[in-house]
Amino acid sequence: MVKTVYTVAGNEKIARDVYRMELCGDTSMITAPGQFINIALEGKYLRRPISVHDASGDALTIIYKVVGGGTEDMSRMAKGTRLDVLSGLGNGFDTSVSGDTPLLLGGGLGAAPMYMLAKKLIAEGKRVSAVFGFASADDVFGTDELRSLGVDTAVATVDGTAGVRGFVTDGMPEEYTYAYSCGPEPMMKAVYKKIKTGGQFSFEARMGCGFGACLGCSCKTVTGCKRICRDGPVLTKEEILW
Amino acid sequence: MVNPGRLTVDLCGIELDNPIIPASGTFGFGYEFAEYYDINILGTFSFKGTTKEPRFGNPLPRIAECTAGMINSVGLQNPGVHEVIAHELPRMKEVFHKPVMANVGGFSPEEYAYTVSALDGEDSIGWFEINISCPNVHAGGAVTGSDCRATGEVVGAVRAVTKKPVIVKLSPNVTDIAEIARAAEAAGADGISLINTLLGMRIDLRRKKPVIANVMGGFSGPAVFPVALRCVYQVSRAVGLPVVGMGGVSSAEDVIEMMLAGATAVGVGAANLRDPYACRDIIEALPAALDKYGINEIKDIIGGA
C-alpha cells in the first residue's frame with residue numbers, strides 16, 4: 001500500500017450511472033489485476049474503495065457506479081482534480097493457476113477488474129473467454145474493449161435486452177480450465193455452484209480503512225478469519241464457506 | 001532551540017517520548033502500520049482488544065459512514081489471549097521496541113482477571129487498558145462501565161492479578177462519567193482512558209433498514225471531539241489519576257486541546273483508519289504547534305485550561 005496523489009485525466013459516463021475515470025500518477029504498487037484503490041473525498045470521512053480497471057506506467061483507470069453522495073461527487077470531478085489515494089490495496093487475482101483457457105465472469109460493476117485480468121492472462125499466452133451479466137442493455141459496458149483484446153465475450157441481461165436473457169451462468173461456455181468471478185454475491189454463489197473447475201472470487205464489503213486495520217470487513221473462511229480488504233478481495237473457491 | 005525532551009510525558013511511571021497513542025482497535029498489533037512508517041516514533045500504542053476466548057465479532061456490515069466520523073460494530077474480534085501471546089505479540093515485538101499498552105476486554109470480572117494474568121508475564125507490556133466500555137458486545141449497546149459497582153468489581157479483579165499500571169477505559173454513554181471514574185479509582189485503577197465510542201446508528205434509505213447488521217454501533221471520528229474533550233475535563237478533575245484522552249483527535253492542535261483539558265497522553269483512533277500516517281503526521285506537527293501557541297514543554301499544559 002502506498003499513499004499517493006492521482007490527478008483526474010478523464011471522467012466520462014459509459015453506461016447507466018456508470019463512469020470511467022482516468023487517473024494519472026504512480027501505479028507501481030498495483031502489482032496484480034483485481035487490486036483496488038481507496039479514494040479520500042472532501043467532506044466524506046471514509047474513503048471510497050474502487051477496483052482497478054487497468055493500470056500501467058502512470059495511467060490508471062477505474063470504473064465506478066453512482067450509488068450515493070460520494071460517487072455522485074466523483075461523477076462531477078473535472079480534469080485536473082487531485083485525489084488523495086491509498087493505492088495497491090488487496091491481493092488481486094492469481095493468474096498462475098488459470099490453465100490454458102480461463103473464463104472471466106463479471107456481474108454489473110464486477111466486470112470492471114476483468115479487463116486488466118484479461119490483459120495479463122493473454123500476455124501469458126492464454127486463450128480467454130468471458131461472460132458479463134447486467135440487469136439491462138443500458139447497463140452494459142466494457143464488452144467491446146474486451147473483444148478488442150481478442151476475448152470471446154458473451155453478454156447476459158436479466159431482461160433480455162442485450163445478449164442472452166438471464167444471468168452470467170446462462171451464458172457460460174462448456175469448456176474452460178478455470179473461472180475468475182467478480183460481482184454481487186448471489187451471482188458469485190451461482191457461479192461457485194456451477195463451475196467444475198477451480199476458481200477465484202472477488203468480494204465487495206463496506207470497509208472502514210481498506211488496509212486491514214479496523215476488521216470492519218472480516219469474513220469466515222475454511223482457512224480462518226480473513227479481511228476482505230487485505231487478505232482479499234479475491235478468495236479461492238477452496239477457502240470460501242458457501 | 002531544539003529540545004528533544006519537550007514532548008515527553010509520564011504515564012503511570014513510564015516515560016513516553018511523546019503523548020501520542022494509537023487507540024485500540026484502530027492499529028491492530030502494530031506490525032501492519034510498521035510497513036508504512038517506523039512505529040517506534042509513537043509514545044506507545046494500545047493493541048487490539050483481547051479477550052479470554054477467540055471472538056469472530058459481529059455480522060457484516062460492521063461499518064457506516066457519518067458526517068465527520070464513522071460507526072463501527074466490529075465486536076471485539078480477536079484470536080483470544082493465548083493466540084495473541086503465541087503469534088501476535090512475537091510479530092509485534094519484531095517491529096515495536098517500547099512498552100505497549102495491552103487492551104483487555106471481557107464478560108465477567110473473572111474473565112478480565114484471567115486475560116490480564118495470562119498477559120502479565122509479557123515484558124513488552126507496560127500498561128493494561130481495561131475496556132469496560134465496548135458498545136458492541138451486549139444487546140442494545142449496554143456496557144459494564146455504565147455501573148459503578150460492576151466497574152469496581154472488574155477493576156478490583158484485575159488489580160489483584162497484576163502490579164503493572166491498570167488504566168480503565170470508560171464509556172461516554174453514561175449519566176455521570178465522573179462517578180464511574182471515581183469508582184475505578186477507588187477499586188485501584190492507576191489511570192483512566194476515555195472516551196470509548198458513542199452509541200449511534202444510521203439507516204440506509206434505499207433499504208429503509210439500519211446500515212449496521214447489529215443495528216447500533218460505536219460512533220467515532222472528529223464529530224465526537226467536543227464530547228470527548230468535555231468528558232476528559234470532567235474526569236481529570238474528579239480523580240487524582242492520569243488520563244489518556246481520546247475521541248476524534250486528528251491534529252496536533254487537537255492534542256494540545258485535549259491536554260489542556262486534562263489529558264496526560266492522547267489516543268488517536270478513527271484518524272488512523274482514514275489515513276494510516278495520521279499519528280506520524282501529528283507527531284511531526286507537534287513541535288511547530290507548540291511554538292505557535294508559546295508552549296515550551298508539552299507536559300506543562302496538562303489540565304491547564
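The dialogue below reads domain contacts, a chain interface and salt bridges in a predicted model.

Trainee: Into which domains is chain A divided?

Mentor: Chain A consists of domain 1, residues 2-89, and domain 2, residues 95-202. The C-alpha centres of these two domains of chain A are 23 Å apart.

Trainee: How many residues of domain 1 of chain A are in contact with domain 2 of chain A, and how many residues does domain 2 give?

Mentor: In chain A, 17 residues of domain 1 are in contact with 14 residues of domain 2. The area buried between these domains of chain A comes to about 1,400 Å², and carbon and sulfur atoms give 60% of that area. On the side of domain 1 of chain A, the residues that lose the most area to domain 2 are Arg16(A), Pro33(A) and His53(A), which together account for 43% of what that side buries.

Trainee: Which polar features are found between domain 1 of chain A and domain 2 of chain A?

Mentor: The rule finds 4 salt bridges across this interface of chain A. The elements of chain A that give two or more residues to the domain 1 side are β1 (2-15), β2 (18-24), β4 (48-56) and β5 (59-65). Of these, β4(A) gives the most, with 5 residues. By residue class, the domain 1 side of chain A that touches domain 2 has 10 nonpolar, 3 polar and 4 charged residues.

Trainee: Which residues does Glu145(A) touch, not counting residues up to four places away in sequence?

Mentor: With those places left out, Glu145(A) touches Arg20(A), His53(A) and Tyr115(A). The side chains of Glu145(A) and His53(A) are joined by a polar contact of 3.1 Å.

Trainee: Which other salt bridge in chain A joins Lys126(A), and to which residue?

Mentor: The side chain of Lys126(A) meets that of Glu124(A) in a salt bridge at 2.7 Å, N to O. Lys126(A) is buried, with a relative accessible area of 15%, whereas Glu124(A) is partly exposed at 37%.

Trainee: At what distance do Arg280(B) and Asp281(B) form a salt bridge?

Mentor: The closest N and O atoms of Arg280(B) and Asp281(B) are 3.0 Å apart. Arg280(B) counts as partly exposed at 25% relative accessibility, and Asp281(B) counts as partly exposed at 29%. Elsewhere, salt bridges that share partners join Glu12(A), Arg20(A) and Glu145(A) into one network.

Trainee: How many residues does each chain give to the contact of chain B and chain A?

Mentor: Chain B gives 35 residues and chain A gives 29 residues. The two chains bury about 2,600 Å² between them, with 57% of it on carbon and sulfur atoms.

Trainee: How many salt bridges and polar contacts are there between chain B and chain A?

Mentor: The rule finds 4 salt bridges across the interface of chain B and chain A. Arg48(A) forms a salt bridge with Glu65(B), with the closest N and O atoms 2.7 Å apart. The count of residue pairs in polar contact between chain B and chain A is 15, with both residues at pLDDT 80 or more. On the chain B side, β4 (63-66), β5 (69-72) and α7 (270-274) each supply at least two residues. The element α7(B) gives the most to that side, with 5 residues. The residues of chain B that touch chain A divide into 18 nonpolar, 7 polar and 10 charged.

Conventions
Residues are numbered from 1 along each chain as its sequence is written. Chains are lettered from A and ligands numbered from 1 in the order in which they are written. This is a predicted model: local features need pLDDT of at least 70, side-chain atom pairs count only at pLDDT 80 or more; totals for chains, interfaces and linings use all residues. Side-chain values use heavy atoms; hydrogens and water are left out. A polar contact is a pair of N or O atoms within 3.5 Å; within protein, one must be able to donate a hydrogen and the other to accept it, and residues adjacent in sequence count only if both atoms are side-chain atoms. Contact means heavy atoms within 4.5 Å. Domain bounds come from an automatic or database domain assignment. Buried area is the accessible area (1.4 Å probe) that two parts lose on being put together, summed over both. Helices (H or I, at least four residues) and strands (E, at least two) are DSSP runs, numbered from the N terminus. Ala, Val, Leu, Ile, Met, Phe, Trp, Tyr, Cys and Pro count as nonpolar, Asp, Glu, Lys and Arg as charged, and the others, Gly among them, as polar. Buried means under 20% relative accessible area, exposed over 50%, partly exposed in between (1.4 Å probe, protein chains only).
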